[in-house]
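Dear colleague,

Please find below the structure that I am handing over to you. My notes on it follow directly after.

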Amino acid sequence: MNLLFHFGRYVMLLGNALFARPENLRMYRKELLRQMDDIGVGSLFIVFLISVFMGAVAALQFAYQLDGQLVPLYYIGYIVRDFALIEAAPTITSLVLAGKIGSNIAAEIGGMRQKEHIDAMEIMGVNTAAFLIRPKILASLVMIPVLVTLAVFLAIVGGYLATVPFGYLTDVDYIRGVHAYFDSYNVFIMYVKAVTFAFLLTSVSAYQGYFVTGGSIELGRASTNAVVFSDILILLFDYLIAVLLT
Amino acid sequence: MIRVEDIYKSFGDHEVLKGITHTFEPGKTNLIIGRSGAGKTVLLKILVGLITPSSGKVWYDDVDFFELDRKQLRAIRMKVGMLFQGSALFDSMTVEENIRFPLDMFTQWTEKEKVDRVNYCLERVGLDRINEKYPSEISGGMQKRVGIARAIVLNPSYLFCDEPNSGLDPKTALLIDELIKDITYENNITTVINTHDMNSVMEIGDNIALLHQGELVWTGNKTEVMSSDNQILQDFIFASPFLKRLRQAAIAKG
């Protein structure tokens, strides 16, 4: 019953946030650009860090597993590429971004609720669900796929840096592997995942913040819930997309 | 004019408002007073539409507030200004950005017109040269005044103030009261103030409504407060032993 209540309220909030007519397009555009900067540029460092290490670890572990086998070494490049493309870049990046962006969104909107900023806007006649949530969702839908694309390239670079300079395989082999058996459908899967996860982590976090009540403990709880529920839903939808698209 | 008719509001089993009927008059400072938990804030939030009543009606002139569609509601909202207890200024915006937010959102004015209006409102509340400061860089009293400036920037017909004096020293509180009173009279605004500050009651109480345990138990003005023999009112106004003694002494002296 409780789950149904939250789902119903979540759907209604999103309906209001996404489909209501904006009061002033210029203000929404300004807010969208601010959010794109926050979500996109603000997440570059963490995405850079996790992607390079993700690729490096994947390459090293595959090199370890392939050691002494009959499988050609250039497969390391191939496996790192597809691992990054299909799974690591969209899913792991989104899980990490749920922690960074999701908690930030829940805390920002929840703080505004507690300090009566949302009430103040409502009384002015602003549709707060639309003004506060829509730019965040749109910014995520644009910027997270860009970050995920970047993460794929960085993971491949990470794999290269962890193996080629240390003699596991030659750079020619690694690059050959990266080019081998490329299927553009995997890129499609990656973007489906990136867009779905972007929507989930932003909307769930905004929902947690928007309806926060009480004080700092409740705000902390909302921020934690934003991350936990986003992560659970990302993993669930990761599975569903895998079932449906592969 | 704002009129509430037979307003009831319950949260679960707890009945907070029990059939409130009252008229808030234009061009006057209408005060809602009462002890903590009497239902003042709930009534104020119902008046501005932040809480929906369990039953009853709220009329803005001849318009039923809770029967409006989104477009009509926005039109009414444009005529409403509100000063919050904690000022509710947006932390990430400067004073100027805070005040011009409704202008940016709802008007097509030129940049010059907006800046002029912001400066006029700041001047009207007795502030200048703080346009570029952030709310955290100014005092509580100044934040209240900026809150008033933001509330009046769209020339509202209705002004709501939730505990405008809370957390202020008596002198600053008096300044805020005077400011609200002057703005109300100058612009013929229907002002509703939720307070338990007795200085406010005695200084600017044109039309006072006393709430007690969710019921409207007394209405009158600041001069009638002293002469009323309503026991709940007297217990509220003269709550401290010192004030009780003072009142008795005044009565004894005729």
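Is S87(B) buried or exposed? With 23 C-beta neighbours inside 10 Å, S87(B) counts as buried; a residue is buried if 20 or more other C-beta atoms lie within 10 Å of its own, exposed if 12 or fewer, and partly exposed in between, with C-beta atoms placed from the backbone.

Before the remaining findings, a word on conventions. The model is predicted, so local features need pLDDT of at least 70 and side-chain atom pairs count only at pLDDT 80 or more, while totals for chains, interfaces and linings use all residues. Residues are numbered from 1 along each chain as its sequence is written, and chains are lettered from A and ligands numbered from 1 in the order in which they are written.

Backbone at two loop positions

S87(B) lies in the loop between β6 (80-83) and α3 of chain B. Helices (H or I, at least four residues) and strands (E, at least two) are DSSP runs, numbered from the N terminus. Although S87(B) is not a glycine, its phi is positive, at about 70 degrees. Most residues other than glycine have a negative phi. In chain A, E116(A) also has a positive phi, near 65 degrees, and is a residue other than glycine. E116(A) sits in the loop between α4 and α5 of chain A, and counts as buried with 20 C-beta neighbours inside 10 Å.

Chain A

Chain A has 9 helices and 0 strands, which gives the pattern α-α-α-α-α-α-α-α-α along the sequence. Its C-alpha trace spans about 70 × 40 × 30 Å along the principal axes. Of the 246 residues in chain A, 42% are buried. Among contacts in chain A between residues at least 6 apart in sequence, 88% join residues at least 24 apart; two residues are in contact if their C-beta atoms, placed from the backbone, lie within 7 Å.

One residue that illustrates such pairing is I133(A), in helix α6 (residues 128-163) of chain A. I133(A) is buried, with 25 other C-beta atoms within 10 Å. Apart from neighbours within four places in sequence, I133(A) is in contact with A17(A) and A206(A). A17(A) is 116 residues away from I133(A) along the chain, yet their C-alpha atoms are separated by 6.1 Å.

Two packed helices are described by the angle between their axes and the distance between the axes. In chain A, the axes of helix α4 (residues 75-114) and helix α7 (residues 171-179) come within 6 Å and cross at roughly 45 degrees. Axes are lines fitted to C-alpha atoms, for helices over the stretch in contact, and angles run from 0 to 180 degrees between N-to-C directions. α4(A) and α7(A) are therefore oblique to each other; angles under 35 degrees count as roughly parallel, over 145 as roughly antiparallel, 65 to 115 as roughly perpendicular and the rest as oblique. From α4(A), the contact uses Y75(A), I76(A), G77(A), Y78(A) and R81(A), and from α7(A) it uses D173(A), Y174(A), I175(A), R176(A), G177(A) and V178(A). These residues divide into 6 nonpolar, 2 polar and 3 charged. Ala, Val, Leu, Ile, Met, Phe, Trp, Tyr, Cys and Pro count as nonpolar, Asp, Glu, Lys and Arg as charged, and the others, Gly among them, as polar.

Chain B

Chain B contains 10 helices and 10 strands. Its radius of gyration (taken over C-alpha atoms) is 19 Å, close to the 18 Å that the globule rule gives for 254 residues, so chain B is as compact as a globular protein of that length. The globule rule is 2.2 Å times the number of residues to the power 0.38. Buried residues account for 39% of the 254 residues in chain B.

Helix α3 (residues 95-106) of chain B and helix α5 (residues 140-152) of chain B have axes that come within 7 Å and cross at roughly 25 degrees. α3(B) and α5(B) are therefore roughly parallel to each other. V95(B), N98(B) and I99(B) of α3(B) meet V146(B), A149(B) and R150(B) of α5(B) in this contact, with a division into 4 nonpolar, 1 polar and 1 charged.

Contact between the chains

Chain A contributes 13 residues to the contact and chain B 15 residues. On the side of chain A that touches chain B, helix α5 (residues 117-124) of chain A gives the most, with 6 residues. That side of chain A divides into 5 nonpolar, 3 polar and 5 charged residues.

With kind regards
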